[in-house]
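Subject: Structure for you to look at, with notes

Dear colleague,

I am passing on the structure below, together with some notes on what was found in it. Please open it beside this message and follow the residues as you read.

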Amino acid sequence: MVFIETLITIFLILVIVIIFAKGVVIIQPYEQGLQIRLGKYVGRMNPGFRWVVPFLTDITKLDLRTLVIDVPSQEVITKDNSPTNVDAIIYVRVIDPEKAYFEVANYRIATVALAQTSLRGIIGDMELDEVLYNRDVINTKLRDILDRETDQWGVKVERVEIKEVDPVEAVKNAMTEQTAAERARRAAILRADGEKRSAILKAEGLRQSMILEAEGERQSKVLRAEGERLSRILQAQGEAQGLRILSVGAAPLDKKAITVLSLDALKTMANGQATKIIFPFEVSQLIRQGAKFLGATDETAEEVAGRPVMDESILGEIPKQEAVDAILKEIQDAVPKVSEDELKDTSKRRLTVDAIREDAQTPPGA
């Protein structure tokens with residue numbers, strides 16, 4: 001009898017312990033508990049150790065941390081009728097546990113469904129290029145829509161990110177061809193621009209080279225003409241001075257001296273091997289008599305000496321050696337000095353110009 005009472009006592013103690021343990025509730029720091037007793041909402045339960053009436057009270061724990069919800073990929077038709085597979089990620093957080101539990105059956109499923117429908121509407125109003133390049137706009141629009149709709153559920157949509165935009169295979173092939181064509185067009189434009197710049201630079205270099213060559217040729221001709229002019233002036237002045245000295249020295253000679261000089265001249269002329277015709281003095285005398293008959297007169301030495309002396313100013317000023325040296329120095333200074341490096345550059349430039357001219361003269365396809 002005592003043994004039976006002991007067993008009953010132990011059993012009752014175990015039942016009491018089990019019942020007490022059944023009523024123990026531990027709320028984590030990141031959770032919020034909702035207490036419902038006999039179908040009636042009693043209130044929230046803050047984090048920590050709590051005890052409720054067992055079997056009569058139902059405790060629901062809600063996680064208040066930011067949750068990451070994956071929106072499954074779905075096929076969406078864009079504005080330009082391009083089928084595209086789009087998925088997204090949503091970051092949500094429960095800010096009102098009562099609304100998140102009582103206003104919606106499952107706020108996660110509801111948020112995903114709302115995100116899918118809203119995403120179809122947003123992308124349906126955009127072309128494929130806008131979808132690919134304006135993801136930030138899509139993220140902002142989708143977040144605003146979800147945040148406005150989920151506010152009545154006590155859920156805050158913190159962030160939305162489009163994870164992947166994957167057009168169908170046919171659209172991908174078309175985009176690949178379009179990209180290849182665009183790159184080929186840009187390459188052709190760059191190549192044409194490079195050829196144009198190269199032609200412009202070649203033409204500019206040829207023009208400058210021709211200008212420099214023409215300028216050098218002009219300066220050379222000017223200096224050469226100046227030298228020839230000075231040489232002719234000096235030569236003419238020398239010949240005039242010689243003739244003047246000869247005329248001054250021959251003025252006092254008489255007819256006999258002239259005859260002797262004439263005989264010496266004939267003797268010198270006769271020494272050559274060439275055929276010569278020499279008129280005798282009688283013929284020259286006959287010619288002289290004929291000239292007198294026609295009115296010509298012989299001038300005596302006194303008459304020649306009495307003639308007015310020619311003005312020497314007609315000969316001009318005969319430059320001295322110092323003046324000639326000064327003129328030559330001025331011409332030498334006027335010629336630009338060219339260093340050895342400049343001569344090398346000039347030769348290279350001329351070679352380049354010759355090559356360009358040969359390329360220009362070479363017919364296409366030769």
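Thr111, Leu114, Ala115, Ser118, Leu119, Ile122 and Ile123 in helix 3 meet Ile138, Lys141, Leu142, Ile145, Leu146, Glu149 and Thr150 in helix 5, where contact means heavy atoms within 4.5 Å. By class, this contact of helix 3 with helix 5 has 9 nonpolar, 3 polar and 2 charged residues (Ala, Val, Leu, Ile, Met, Phe, Trp, Tyr, Cys and Pro count as nonpolar, Asp, Glu, Lys and Arg as charged, and the others, Gly among them, as polar).

Before going further, please note that this is a predicted model, in which local features need pLDDT of at least 70 and side-chain atom pairs count only at pLDDT 80 or more, while totals for chains, interfaces and linings use all residues. Residues are numbered from 1 along each chain as its sequence is written, and side-chain values use heavy atoms, with hydrogens and water left out.

The chain has 11 helices and 8 strands, which are DSSP runs numbered from the N terminus (helices are H or I with at least four residues, strands E with at least two). Of its 366 residues, 19% count as buried (buried means under 20% relative accessible area, exposed over 50%, and partly exposed in between, with a 1.4 Å probe and protein chains only).

To return to the helix pair, helix 3 (residues 107–124) and helix 5 (residues 135–150) pack at an angle of about 140°, with their axes 10 Å apart; axes are lines fitted to C-alpha atoms, for helices over the stretch in contact, and angles run from 0 to 180 degrees between N-to-C directions. That makes helix 3 oblique to helix 5, given that angles under 35 degrees count as roughly parallel, over 145 as roughly antiparallel, 65 to 115 as roughly perpendicular and the rest as oblique.

Turning to the aromatic residues, the structure holds 3 aromatic pairs (rings of Phe, Tyr and Trp, the last by its six-membered ring, pair if their centres lie within 6.5 Å; planes under 30 degrees apart count as stacked, over 60 as edge-to-face and the rest as tilted). The rings of phenylalanine 20 and tryptophan 51 have centres 5.8 Å apart and planes at 20°, so this pair is stacked. Phenylalanine 20 lies in helix 1 (residues 2–22) and tryptophan 51 in strand 4 (residues 48–51), so the pair ties together parts that are 31 residues apart in sequence. Phenylalanine 20 is partly exposed at 48% relative accessible area, and tryptophan 51 is partly exposed at 42%.

The rings of tyrosine 41 and phenylalanine 102, by contrast, have centres 5.3 Å apart and planes at 75°, so that pair is edge-to-face. Tyrosine 41 lies in strand 3 (residues 40–45) and phenylalanine 102 in helix 2 (residues 97–102), so the pair ties together parts that are 61 residues apart in sequence. Ring pairs link Tyr41, Tyr101 and Phe102 into a cluster.

Lastly, glutamate 127, found in the loop between helix 3 and helix 4 (128–133), touches Thr78, Lys79 and Asp80, not counting residues up to four places away in sequence. Glutamate 127 and asparagine 81 are 46 residues apart in sequence and 8.1 Å apart in space, C-alpha to C-alpha. Asparagine 81 is found in the loop between strand 6 (67–77) and strand 7 (83–94), and its phi is near 60°, a positive value in a residue other than glycine.
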